Amino acid sequence: MKAHIDPERCQGHGRCYTLAPDLFGEDDEGYGTVPGDGLVPSAQVHTARLARSNCPESAIDLSEET
C-alpha cells in the first residue's frame, strides 16, 4: 500500500501525524506530509486507514500499489 496527501485538500488539522506518526509528518506550516516513498508496511495498514478516515478533508489517498 502507498500513502499520499493531496496538498490542495490538506488544511493542517494534523490528525494524520497525530494518529500515525510513523507514517505521516508535518511541514513547517503544520500541513501533513508523507516521508520517503510513501510505502506503508503491512503491519501499519490499519493505522494508515485510521488516519485516512479521520482526515476532515479526505486529503489522504491510499492505493493498493506497492
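This short talk covers the nonpolar core and the salt bridges of one predicted model.

First, the ground rules. Residues are numbered from 1 along each chain as its sequence is written, and side-chain values use heavy atoms, with hydrogens and water left out. Because the model is predicted, local features need pLDDT of at least 70 and side-chain atom pairs count only at pLDDT 80 or more, while totals for chains, interfaces and linings use all residues.

Now the core. A nonpolar core here is a set of buried Ala, Val, Leu, Ile, Met, Phe, Trp, Tyr and Cys residues joined through side-chain atoms within 4.5 Å. Buried means under 20% relative accessible area, exposed over 50%, partly exposed in between, with a 1.4 Å probe and protein chains only. The largest core has 17 residues. I5, C16, F24, V40 and I60 have the most contacts inside it. Two or more residues each come from β1, α1, α2 and β4; these are DSSP runs, helices H or I of at least four residues and strands E of at least two, numbered from the N terminus. The largest share, 3 residues, is from α2.

On to charges. How many salt bridges are there? The structure holds 3, each a side-chain nitrogen of Lys or Arg within 4 Å of a carboxyl oxygen of Asp or Glu. R9 meets D6 at 3.1 Å, N to O. R9 also pairs with D61, at 2.9 Å.

Last, R49 and E64, at 3.4 Å. R49 lies in α2 and E64 in the segment after β4, so the bridge ties together parts 15 residues apart in sequence. R49 is partly exposed at 36%; E64 is exposed at 59%.
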